[in-house]
Amino acid sequence: MKVRTTQLFTSYLLLLLLLAAEFGVARLPLGEAARGLVLIPALMMVGIVAMGFMELGKAPQTARFFALAGAVWLAILLGLGCLDPMTRVLYPTQSTAVY
Amino acid sequence: MTVTETRSQTSYLSDGYTLRSWLLTTDHKRIALLYFAAITFFFFVGGIGATLVRYNLLSPKGLLGSAETYNRLFSMHGVVMVWFFLVPAVPTTLGNFLVPLMLGARDLAFPRLNLLSWYLFILAGLVALYALIVGGVDTGWTFYTPLTSFYSKGHVVATVVAVFIAGFSSIATGLNFIVSIHKLRAPGMTWHRMPVFLWSLYATSVIMVLATPVLAMTLLLVAFERLFRIGVFDPAIGGDPLLFQHLFWFYSHPAVYIMILPGFGVISEIVPAFSRKELFGYKFVVWASVAIAVIGFLVWGHHMFVAGTSLYSALVFSILSYMVAVPSAIKVFNWLGTMHKGFIRFDAPMLYALGFIGLFTMGGLTGLFVAALAADVHLTQTYFVVAHFHYVMVGGMVSAYFAALHFWWPKITGRLYPEMWGRAAAIIIFVGFNVTFFPQFILGYLGMPRRYNAYPPEFEALNVLSSGGASILAIGYLLPLGYLAWSLFYGERASANPWGATGLEWTTPSPPPTENFETTPVVTLPPYSYPYTETSRDE
Amino acid sequence: MRSLLPQASANAAEVDYLILALLLASCLVLALVFGLMLVYVSRYRADARVERGKLAQKTWRLEIGWTAATFVVFFGLFLWGADLYVRLFQPPRDALQIYVVGKQWMWKVEHQSGQREINALHVPTGRAIQLVLTSEDVIHDFSVPAFRIKHDVLPDRYETLWFQVEKAGVYHLFCTQFCGEGHASMIGEIVAMSPPEYEDWLGQSASGAGAHESMAAAGEVLFTRYGCGGCHGEGGVGGKQSGGGVDAPPLAGLYGEKVTLDTGAVVTADESYIRDCIISPEKQRVAGYPPIMPSFAGQLEEENLLRVIAYIKSLKPTERR
Amino acid sequence: MSEAVGGHAFQYSSARHQAESAVSGMWLFLATEMMFFGPLFLAWIFCRHADPAAFDAGARQTDLFIGTINTALLITSSLSYSFGVAFIETGRRRAMILCLVIAWLLGGAFLMLKFAVEWPHDFERGLFPGAEFVFTPAERNGAQLFFVFYFFSTAIHGMHLVVGLGLVAWIMLRAREFTPSRNTAVFVVGLYWSFVDMVWIILYPLIYLIGRGP
């Protein structure tokens, strides 16, 4: 129980720190491209919840496999899904035609 | 291992005769039969839609007269066939029945969840029927926005809700299968001793579990957009209708593999059983299924080559689409390899299976046409595509479903069906199918667009031919309904293993007792250990 | 009597070759599969007393073999299809532009010189044509089987499609994206005529009833009516240049130029860009100008937008900086 | 019905076997939940990409204070539930119930803040896309997309939280059944509860932080 208590409080503290960090990063005058950085603390927080609170590390192997599958497939959806809007360009004619 | 001996001798069919004993059952075998009833009903509802569609197209002007009626008919045909027949057909019926039997387990991991999934399916079906009776939907099964969200005059929200609920039924089934296969394999049943049918249901379930939620959320977004007249797909405010298509096909392309993968599994059981020979290249067949399930998620963009996506995305999706065709090809070659030097018998299941191999190969090969970018530009959204996916879905998947139904019928019901009728139906279906859909390839190449209730007169001859074929096909599909029902009452009693096939399901009586096995079986041999291979094996 | 599917455009033959190659490959595979199936089925019947011999033990070589073979063939087919597709994406520089608006359930066409047609499109042969496509409501699809082309037509967005007709004639135009009740009636014809005949046709339509002014001229009227000149200067010379008090960018000579946005990004001022600037000016603002442009969303219908764009495209730069 | 034999259902070989299956099943369900929220994230990317400036203008109108408090509430709630799990594993049922009550109340507080305070406030300020929408024409489109995303995703998340509250309440009602060796249900519901928290941890920056600027 003692070990678990320490573990839980450590996770909690880390979560609060990251929340503060996230809050701070969002307030920095960052350019458009750097805005996504805010998501790094957020993803770390998700990791801490999974490991600290949900005990994913101690879960049966199958459970870890399923969690990993979920993450990979979400990455497929978002990754391949972004491909189209991020690379979409129209191909205009270079010059106006003469009539 | 604790074993309860009390009820293990009674057949699951005679374990209670009350309505309650059926409607509240958690026995996977009884739930499978409940699904059989529901799915057969929807197959014929969808079939009526198809019949009327083909009737309308007998004349270039459209015999039904009204475009609106036609649009609602083909939309209904699509929605019902996709979500209420093709997706659930094999997994919920034969899958539910066979997964625990093949694993050597007493039931699925979560029997109550299994029953819940049937109730969800029925609820979804009722909502769909409600939508149908009050007037149906006129958007096609693809629900493209902004047509669906702003312009449709049909009952979009009800239909979408029906599909949403059916989706959760399918998630529950998939989840149950995956956990059961991971956790409930009998002693000695290692991963590489699992029958291919289980492997392919595993791959199917992966898709059900990971793709269906995406569809569910997408449909919620569509319903929101329809109800509040604003949404993320609305181009008027900068939203992207192509986002809808991306999300829709993220589910609906893998969904094609939900439909066909169980078929692969069925054929991989039947071909060795009727060739009396080990499955050729077992591991290749198995891992090809897994590869299809994974790569199948990476190809959805090939439905959008002319939709206005970026050039780069089209190129990436095209090459990935070719990749997914490779494992399918591997499977076809392995089935042929299994027949090589076999002792081939021509019972009805084998005839259906041979039909499957032929029709699926044609469906697969025509898939290459539409994966080739420039050819797709010409062929997509025409009857070529209609023919292509019917070859895979109907020629392939429905043939596999019938093959499986005949193969395991004695196990499920304890009765034999009349063999001659079975063979006749298999041949009629094969012929009728080709007459119906082959002309559609030509129509498509000539440019006839999909979803037209009236068409230019030069397409008439081929359309009439196609409709003629459809009537043969309809007879082919009605025949099994008749003789299988007949066999329930008058069929000869089946022994535990009428085909002399391998697999744990054949070691228990037909029909199996409620708890499947008297004692938990122990697996010592690889699958498909037919005598032929045992004697000639020199290891 | 027109043939069922003529090869009427420059790339129709190329697409047909690709389809033919696919067909041949498929037939070979089908022959192999059905052939083997028939041979095995007759030779290895359960009651056939044929010498079966020993079974092959090492099957993985075969497996690797046919897997590799399929890969190679598929990759070749991919390259072929992709190459052609990429060319279909890029119109030649001197393409003649024609504007097409789809709506439930008709095609509205407008030529540069102002001729308008419904469910018909007259084009000259031997000349690259680029269509600028947009929709007023749902997604449609502009499909001409005889040219082996099709492309979706989306609302609030410009898509383009180009082709070059080689054979004069009348060809089917279909909407192939399901668009509602009248989907099957959203058909029309493409009339391809020799250049002299086309000139005649243009002349006739211009002098006929309801003589049309050119798209650019119609756009100029709209330009004045909506007060665009108030900021951008008459003739789009630019706010400062016209002596006005408003600092708005010049429009003359804008089309086809590279524009630097306030985000630092550089974009080409094509039809889509100009459209965006009119509808949502905030989205891609030109660097160095104040954000004062109002949005004209909902005020200009698609056809009028196209006319204003045609007008802006027709403006020649007054001075080169 | 699947009757229990020696403390486990008849298709399992042991109670541990059954517990492992239940935990794995829950994780698989959570994987489906991840995919369920996937389209929302993709929609966020598409919408923001369409018109970043106006989308950001929308984000600036959100109530950062309530959003941050709510994030802290959910994290604390998740912590409290995890303590509940730890307590039942050592047999301290009373302590478990106390932790679950706290977790439940914190979750309830989130819902109150979100839907009884923040949403009404948003509606008053004309942030719901419609005739009353407050943004200038230039920002209108992108901001509408933002607020469609905002209302839709918070509603879906809220529904998950309501389901979670129901499950936690169910566990509290059945608290007497749980022992140090028999508590899979407590743990499995905890997984769901923490997952709802995770979703919010991702939604929080997407809604309140990115594009807010200094």
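Reply: Start with burial: a residue is buried if 20 or more other C-beta atoms, placed from the backbone, lie within 10 Å of its own, exposed if 12 or fewer, and partly exposed in between. This is a predicted model, where local features need pLDDT of at least 70, side-chain atom pairs count only at pLDDT 80 or more, and totals for chains, interfaces and linings use all residues. Residues are numbered from 1 along each chain as its sequence is written, while chains are lettered from A and ligands numbered from 1 in the order in which they are written.

First, the overall fold. Chain B has 17 helices and zero strands. Helices (H or I, at least four residues) and strands (E, at least two) are DSSP runs, numbered from the N terminus. The C-alpha trace of chain B spans about 65 × 50 × 45 Å along its principal axes. Of the 539 residues in chain B, 68% are buried.

Two residues are in contact if their C-beta atoms, placed from the backbone, lie within 7 Å. Take the contacts in chain B between residues at least 6 apart in sequence: 84% join residues at least 24 apart.

Next, the core. A nonpolar core is a set of buried Ala, Val, Leu, Ile, Met, Phe, Trp, Tyr and Cys residues joined through C-beta atoms within 7 Å. The largest one has 386 residues, and Ile267(B), Ala403(B), Trp27(D) and Ala31(D) touch the most other members. Beyond its neighbours within four places in sequence, Ile267(B) is in contact with Trp335(B), Ala353(B), Phe356(B), Ile357(B), Ala400(B) and Ala403(B).

Now the backbone. Most residues other than glycine have a negative phi, and most peptide bonds are trans. Chain B holds exceptions to both. The bond from Thr145(B) to Pro146(B) is cis, with omega near 0 degrees. Pro146(B) sits in the loop between α5 (111-133) and α6 (147-151) of chain B.

Arg276(B) is not a glycine, yet has a positive phi of about 50 degrees. Its loop runs between α9 (241-275) and α10 (282-295) of chain B. With 19 other C-beta atoms within 10 Å, Arg276(B) is partly exposed.

Arg451(B), also not a glycine, has a positive phi of about 60 degrees. Arg451(B) lies in the loop between α15 (419-446) and α16 (460-490) of chain B. Arg451(B) counts as buried, because it has 22 C-beta neighbours inside 10 Å.
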